[in-house]
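Okay, thanks everyone for coming. Let me put the structure up, and then I'll walk you through a few spots in it.

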Amino acid sequence: MKQKGQIRRRYIFTKNLDSSLTDIYNGFKFFVQFFKELFRKPFYFRETVNQTFEIGIRSLGLITITGFIVGFVFVKQSRPSLESFGATSWLPSLMGIATVRALGPLVTALITAGKVGSGIGAELGSMKVTEQIDAMEVSAINPFKYLVVTRVVAATVSICLLALYCDFVELLGSYMNINSVEGISIQTFLRNAFSSIYFLDIFTNVIKAATYGFTIGMVGCYKGFNATQGTRGVGMAANKAVVFSIFLIFMEEFIIVQIVNWIRYL
Amino acid sequence: MGSFVSDPEKEKLETVISIEGLYKSFDDLQVLSGIDLILHRQENLTVLGRSGSGKSVLLKIITGLLKPDKGDVYVFGKRVDKISLTELNSLRLRIGFSFQSGALYDSMNVYQNLAFPLTMNYKNIDRKEVKRSIEEVLDAVALSEKIYQMPADLSGGQRKRIGIARALITKPEIMLYDEPTAGLDPITSVEIIDLINEVQHKYNTSSIIITHDLTCAKNTGNRIAMLGDGKFLQVGKFDVVFSSNDERIKGFYNYNFIQ
């Protein structure tokens, strides 16, 4: 009996390992196919622009509210620590560094992973299980090019722009709090906030946002494009798109920060 | 086992689809095991079989959506699993595929669904020409008034009709129907059957109709091919196929009519 249980556990472990490795291999093939199709004609510019607007506008409201609250609350939570050694004048500078180096792209990525990633996963998953993708293919239209390439490019571009917008809204939120307590002017706030920001920080901000946008688009499309098991599969695709995107975003954050810090102290 | 060509005169006709020794499996499940098939120009061939017998897989292999494990599939003399994607796509424009659920694009209205294959494949096509083609196919499926409706607002039968209209928009020479009457009430089923026959006469198409509905098979197929255990059990005219002593065919016939 005990031996049977061991064999069963070993079987389940081997099966899960096999399916995980297959998934990684298929994901890699999907990634390679994206770059092959990206530079191959035809280019669906109009669809890419439509998707960019769609993703951008769909997330704008949420980014505005979340970014503002993050900026406002971050200042509120940081003030007591700085107050204890009389350094509240450092708040704008602290916010500038925190926003541009980490918070802006990360908050944008987490919000859009939930909003856009799940949306792409569910949309493509639903198209897959209702044979709309097959219908596209038999109409001599390349569904990978039309659905995946356009969405991944759109997600990359729009999340870059959203991250810059999120930086602005976060700084606005933090200014509102600082202004209401310390009463400093907008000019002083901006001068102090940007005093510790360098070109490398802005550049990293954009690179991070682009990487997260690409990841969200790719994972959403991959999970949606490979959805199975009917409507249950659509839900699973949307769910996995969010979970896996967020996991990858944190991994990428960790790696990018290490690389940038290494460059910073060269 | 019946011959694949029931009428010797048909042999003189042009072959549009030819399949030899087709095998297809998914993991351990053998779905098709040695299919041979010939479809002649302007002929309607109905493939009958139980759910899960591999009927839809056959259509997907013909259109290059799935690759066969073994065997040769020729469409207009070209082997679909060996040609380049560009060649396959130009072949696909000569084939219309009507999906079981209609497979209409949810995010587009009827007009956009019908315009999509044209505008994507013929970059310089005139907007007036697109509109004219859409009006023509909508007229053929008798749904002209639904031109700006969304798929979600259409009934099951209307979705299938629009699916057929979308398949016809590129003026295909071959039509493939996957379960055209599945899930429809008897009256709508008869309307779809009439539409399939009208399409054949009006557009001079050759068709493969996949179904498990004997009424549909009897009224649309010039020939019937009975699929079971991954092979064609019998191929020929309806009466010839169902006069067979094969228990699987008899069972299928009795079950259908008892229902």
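Let's start with Lys146(B): leaving out residues up to four places away in sequence, Lys146(B) touches Val110(B), Leu154(B) and Gln158(B), where contact means heavy atoms within 4.5 Å. Before I go on, the ground rules: this is a predicted model, where local features need pLDDT of at least 70, side-chain atom pairs count only at pLDDT 80 or more, and totals for chains, interfaces and linings use all residues. Residues are numbered from 1 along each chain as its sequence is written, chains are lettered from A and ligands numbered from 1 in the order written, and side-chain values use heavy atoms, with hydrogens and water left out.

Back to Lys146(B), which sits in the loop between helix H4 (127-140) and helix H5 (156-168) of chain B. Helices here are DSSP runs of H or I, at least four residues, and strands are E runs of at least two, numbered from the N terminus. So is Lys146(B) buried or exposed? It counts as buried, because its relative accessibility is 16%; buried means under 20%, exposed over 50%, partly exposed in between, with a 1.4 Å probe and protein chains only.

Searching the whole structure turns up one cavity of 30 Å³ or more, and the largest cavity holds about 120 Å³. On a 1 Å grid over the protein atoms alone, a cavity is a set of points where a 1.4 Å probe fits but cannot get out, a pocket is an open set with protein on both sides within 12 Å along at least five of seven lines, and lining residues have an atom within 4 Å of a point. Grid points join across faces, edges and corners, and a volume is the space filled by probe spheres set on the points.

Which residues lie nearest the centre of the largest cavity? Of its 15 lining residues, those are Val138(A), Ser139(A), Phe97(B), Arg166(B) and Ala167(B). H4 of chain A, plus strand E6 (95-98), H3 and H5 of chain B, each give two or more residues to that lining.

Then there's the second largest pocket, at about 1,100 Å³. It's lined by 31 residues, with Arg46(A), Glu47(A), Tyr146(A), Phe116(B) and Met120(B) nearest its centre. H2(A) gives the most to this lining, seven residues.

Last stop, a helix pair: H5(A) passes H7(A) in a right-handed crossing, meaning the near helix is turned clockwise from the far one by less than a right angle.
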